[in-house]
Structure formats: structure tokens, C-alpha cells
Number of protein chains: 2
Amino acid sequence: MHDAREVVVLRYGHRPGRDDRMTTHVGLTARALGADRVIFPDNAGQSAETVRDITDRFGGPFAVELRDDQKAIVRDFEGVVAHLTMYGERVQDAEGEVREAVGLGGADATGGASTPRDLLVVVGGEKVPWALYERADFNVGVTNQPHSEVAGLAVFLDRLFEGAELDREWENADRRVLPEATGKTVVDAGEDSGDNADSGDNADSGDNADSGDNADSGDNADSRAGTRD
Amino acid sequence: MHDAREVVVLRYGHRPGRDDRMTTHVGLTARALGADRVIFPDNAGQSAETVRDITDRFGGPFAVELRDDQKAIVRDFEGVVAHLTMYGERVQDAEGEVREAVGLGGADATGGASTPRDLLVVVGGEKVPWALYERADFNVGVTNQPHSEVAGLAVFLDRLFEGAELDREWENADRRVLPEATGKTVVDAGEDSGDNADSGDNADSGDNADSGDNADSGDNADSRAGTRD
């Protein structure tokens with residue numbers, strides 16, 4: 001999100017089938033909350049396809065990579081590595097240091113006094129090697145409770161960017177949702193907007209249904225009927 | 001989290017099997033990030049069991065309910081209803097109003113000038129009826145991008161409580177993770193702590209593996225071996 005640095009999210013470990021939805025959510029959350037790129041294990045092709053599809057339709061820039069060398073990516077990353085884990089330092093204690101380390105130490109998210117550096121945010125799935133804890137510049141716990149790697153990533157990114165990611169502008173989108181108190185409005189999609197807003201195909205797809213809002217809107221027609229129950 | 005008011009998360013809609021992991025993550029995220037209670041559809045028994053198991057081991061208070069009357073819960077809720085949806089008002093614009101509406105309008109999260117009111121946070125899965133958009137006091141979008149209901153819930157709660165939820169104390173826990181820069185330390189579990197930290201059973205269970213950290217720690221032994229690959 002920031003030209004001065006690249007924020008990359010690495011999904012560490014993926015079990016095809018079983019982890020598809022979680023891995024997809026990691027990627028969609030990384031995109032929506034200000035990361036520049038997500039790296040999935042090379043066996044997560046279905047999730048990569050879903051995140052690319054959302055980027056094609058809702059905009060970017062956001063890159064999705066499939067890589068088979070996760071250990072090397074972490075080991076050789078030229079920048080700051082933050083590993084999200086329930087065993088790590090409390091995010092409220094570590095976030096300032098992380099921001100300072102990547103040059104986001106200023107009062108705003110446009111860059112502080114320190115030099116901008118790239119940040120690799122590692123989100124563990126299964127099989128996170130102990131070496132990752134040792135290599136990481138920061139092991140950070142968004143609470144020290146077991147919950148969700150998607151939730152941890154979301155809170156970490158929102159705090160990293162201090163909310164600036166919410167004001168991000170999207171490029172090359174073919175549709176845009178208009179925020180409103182009550183309604184479901186998608187613009188810049190012409191007569192397709194109805195279908196797009198419904199994202200019917202998404203609701204029917206294993207992965208896209210994962211983005212709750214698509215599943216929600218996709219089932220809107222049924223839902224209206226449902227209200228008559 | 002706040003005695004003055006109850007914050008309840010309602011998972012609206014659940015597809016057994018397909019949604020188990022997402023629904024479990026909604027519940028674990030609600031618990032970890034300051035909600036007092038989560039309500040699942042009555043067909044989400046496996047997810048409820050997992051969240052209760054985590055609460056038994058890592059502490060509470062946190063309640064998990066299975067209900068079959070989701071429409072009535074929303075319609076009859078005596079308090080403020082906030083529905084998280086990508087079509088809603090931008091969270092950065094709405095959060096202040098929501099906090100004020102439930103009596104969290106003060107400078108801290110201990111309660112502001114306004115009267116404390118209960119809050120129902122509705123997280124859509126499939127089949128969210130249009131009536132929900134109309135009944136909700138706030139339709140809130142954590143970005144207007146498709147991503148993850150778990151991520152949206154996490155950011156919403158962190159902003160609702162202004163981070164105060166991260167300092168929550170847990171009662172009746174039989175184990176506690178010690179936050180540290182490098183390490184995986186679980187205390188108050190005696191000689192079981194090793195197993196507990198590994199949560200081997202969790203890693204093997206469809207649902208608990210969902211809390212990435214459990215899966216991570218559960219596979220720690222394998223991971224160390226894995227580093228020799």
C-alpha cells in the first residue's frame with residue numbers, strides 16, 4: 001500500500017481442501033487491509049485463483065504468488081519479518097517497534113523518521129518450523145489466545161497502518177461498492193451490477209463463498225424468501 | 001467484556017461441514033477479542049463444542065449458544081444491532097456512532113457519557129435476509145471489499161473496544177500462554193504444559209486446527225523435523 005515499502009503476507013503451510021477457505025481468507029484479508037502481495041504455498045492454487053479473481057474485479061494493485069520455497073523466503077527476506085503467533089509478544093507492546101522498524105514510526109502512515117523497509121508478515125498454518133520463531137525479527141501475538149490467523153492478520157495490519165489502509169484507493173476495478181447505511185449498491189458495472197452485487201457465482205464457489213459478504217449477497221434472493229419463513 | 005453491557009456476536013447462517021471452520025473462527029475471534037457471548041445456528045454444534053473446549057482450557061467468561069431462531073434474535077434484540085457487511089458504512093466513519101450508541105463513547109473503553117447498552121454484532125454467512133439490513137441500527141463495512149467475515153469481526157471489535165480487549169484478564173483458565181519475543185511457553189498446566197502447548201489433539205481436529213496457532217503449535221514437532229528438508 002505504501003510505495004516506500006512493500007508489505008508481503010506469507011501464508012506458511014497449506015493443506016489442500018482442508019485449508020482452502022482459510023488460505024483464501026488470508027489472501028483476501030491481506031489485499032483488503034493494505035498488504036501489497038500475498039505468497040501462498042504452491043499447493044494452494046485454488047485459493048490463489050480466487051484472490052486473483054477478486055483483484056481483477058475489485059481492483060488492485062495486489063499480487064498473488066505461489067511458491068514452494070517458504071523456508072527460503074523467510075530466511076532470505078531482505079527486510080523485517082513479523083511472525084504472528086499466540087506465543088509472541090503482545091501486539092499492543094510490539095506494534096510501535098514494528099512500525100519503527102519498517103519506517104512507519106511517524107504520526108501518520110505515510111512514513112516516519114526511520115528508513116522505509118519491506119515487511120514480511122508470516123501467518124502460520126500447520127508446520128511452522130521453530131527456525132521461523134528464531135528468524136523472525138518479531139513474534140507477535142494478537143492476544144495470547146487461540147483464535148484465528150485471519151483475525152490476527154486483520155488486527156495486525158489495521159494497527160500497522162493505523163487505519164490508513166481503510167482509505168486505500170483501488171485501481172483497475174470494474175466495480176465498486178458504495179458504502180451506505182442501508183443498501184447494497186455496486187457501481188461501474190452497468191447492467192451487470194445486479195449480478196455482480198449478488199456475486200451469485202461466488203456464493204456458489206467453495207472459495208469465494210468464504211468472503212462472507214459475497215456469500216451474503218449471493219444468497220440475498222433466497223434470503224428475502226427466507227424472511228417469509 | 002464490559003459488565004455495563006453485553007456484546008453478543010451472532011453468526012448468521014451456517015452450512016454444516018463447509019462452514020465449520022469459519023464459524024469456529026468467528027466464535028474464537030469473538031471470545032479472544034472481547035465479546036461476551038456468541039450465538040451459532042443450531043446446526044453448528046461442532047463449532048460450538050470447539051469454542052467451549054477452548055474456553056474451558058484458556059478461560060472465560062465466554063458463552064456459546066446454539067439457537068434456531070436467528071431472525072427473531074435480531075428482530076427482538078433489546079439493544080443496538082450492528083451488521084457487518086461490505087455494503088455498509090465505512091467502519092472508520094461509523095465506529096464513533098456505534099461506540100456512542102452503546103455507551104462506549106468515552107475516551108477510554110470503560111464507558112463514556114452515554115448509557116451502556118447491549119450490542120449485537122451480526123456476522124453474515126449465507127442467507128442474510130434483507131430484513132437484517134433494515135433492522136440493523138448500523139450496517140458497517142470493514143472496507144467495502146470482499147474479504148473475510150472473521151477479519152471484519154476482528155477489526156470491528158478491536159476498534160469498538162479501542163484495544164482495551166487486548167488487556168482482558170481470563171478467569172478459570174487451566175493454562176496461560178506467556179507472551180515472549182522468542183518461545184512457546186504455557187504456564188499453570190504443570191507437566192501437561194508440553195502437550196497443552198502442542199495441543200496435539202487440536203491440530204488433529206478439524207475445528208481446532210482452525211485456530212492457526214493451535215495447528216502451528218500442534219505441528220511443532222513435525223516442523224522441527226521439517227526444517228531438515
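For "binding site", an unreviewed UniProt entry lists Leu84(A), Gly124(A), Gly125(A), Glu126(A), Lys127(A) and Val128(A). Although these residues are spread over 45 residues of sequence, they cluster in space, with a largest C-alpha distance of 13.9 Å. The structure described here is a predicted model, and the site itself is taken from the record.

Lys127(A), with a relative accessible area of 43%, is partly exposed.

Six strands of chain A form an open sheet in the order 3-2-1-5-4-6, and the pairing is parallel. Strand 3 (63–67) and strand 6 (138–141) stand at the edges; each has a single partner strand, so one side of each is left without a neighbour in the sheet. From one strand to the next, the twist averages 30°.

One pairing within this sheet can be followed in detail. Strand 4 (residues 80–90) and strand 5 (residues 119–124) of chain A run parallel and are joined by five bridges. In this pairing, Val80(A) stands opposite Leu119(A) of strand 5. Helix 4 (residues 91–101) of chain A lies across strand 4, strand 5 and strand 6, and runs at about 175° to strand 4.

Helix 6 (residues 149–160) of chain A comes next. At 1.5 Å a residue, its twelve residues should span 16 Å, and the end C-alpha atoms are 16 Å apart, which agrees. At the start of this helix, a side-chain oxygen of Ser148(A) reaches to within 3.2 Å of the backbone nitrogen of Val150(A). How much of helix 6 is buried? Twelve of its twelve residues are, so helix 6 is largely enclosed by the rest of the structure.

Some backbone geometry remains to be pointed out. Most residues other than glycine have a negative phi, and most peptide bonds are trans. Helix 6 of chain A is followed by Glu162(A), whose phi is positive, near 50°. Thr143(A) is not a glycine, yet its phi is positive, at about 70°. Thr143(A) is in the loop between strand 6 and helix 6 of chain A, and at 9% relative accessibility it counts as buried. Asn172(A), also not a glycine, has a positive phi of about 60°. Asn172(A) is in the loop between helix 6 and strand 7 (176–178) of chain A; at 71% relative accessibility, it counts as exposed.

Cis peptide bonds occur in both chain A and chain B. In chain A, the bond joins Gly60(A) and Pro61(A), with omega about 0°. Pro61(A) is in the loop between helix 2 (45–58) and strand 3 of chain A. In chain B, the peptide bond from Gly60(B) to Pro61(B) is cis, with omega near 5°. Pro61(B) lies in the loop between helix 2 (45–58) and strand 3 (63–67) of chain B.

Definitions and conventions:
Residues numbered from 1 in each chain as written. Chains lettered and ligands numbered in written order. Predicted model: local features only at pLDDT ≥ 70, side-chain atom pairs only at ≥ 80, totals over all residues. Heavy atoms only, no water. Helix = DSSP H or I, 4+ residues; strand = E, 2+ residues; numbered from the N terminus. Expected span 1.5 Å × (residues − 1). Buried < 20%, exposed > 50% of the residue type's maximum accessible area, 1.4 Å probe, protein only. Polar contact = N/O pair within 3.5 Å; in protein donor to acceptor, adjacent residues only side chain to side chain. Pairing = 2+ DSSP bridges. Axes fitted to C-alpha atoms, helices over the stretch in contact; angles between N-to-C directions. Contact = heavy atoms within 4.5 Å. UniProt positions renumbered as here; feature names shortened; annotations may be inferred.
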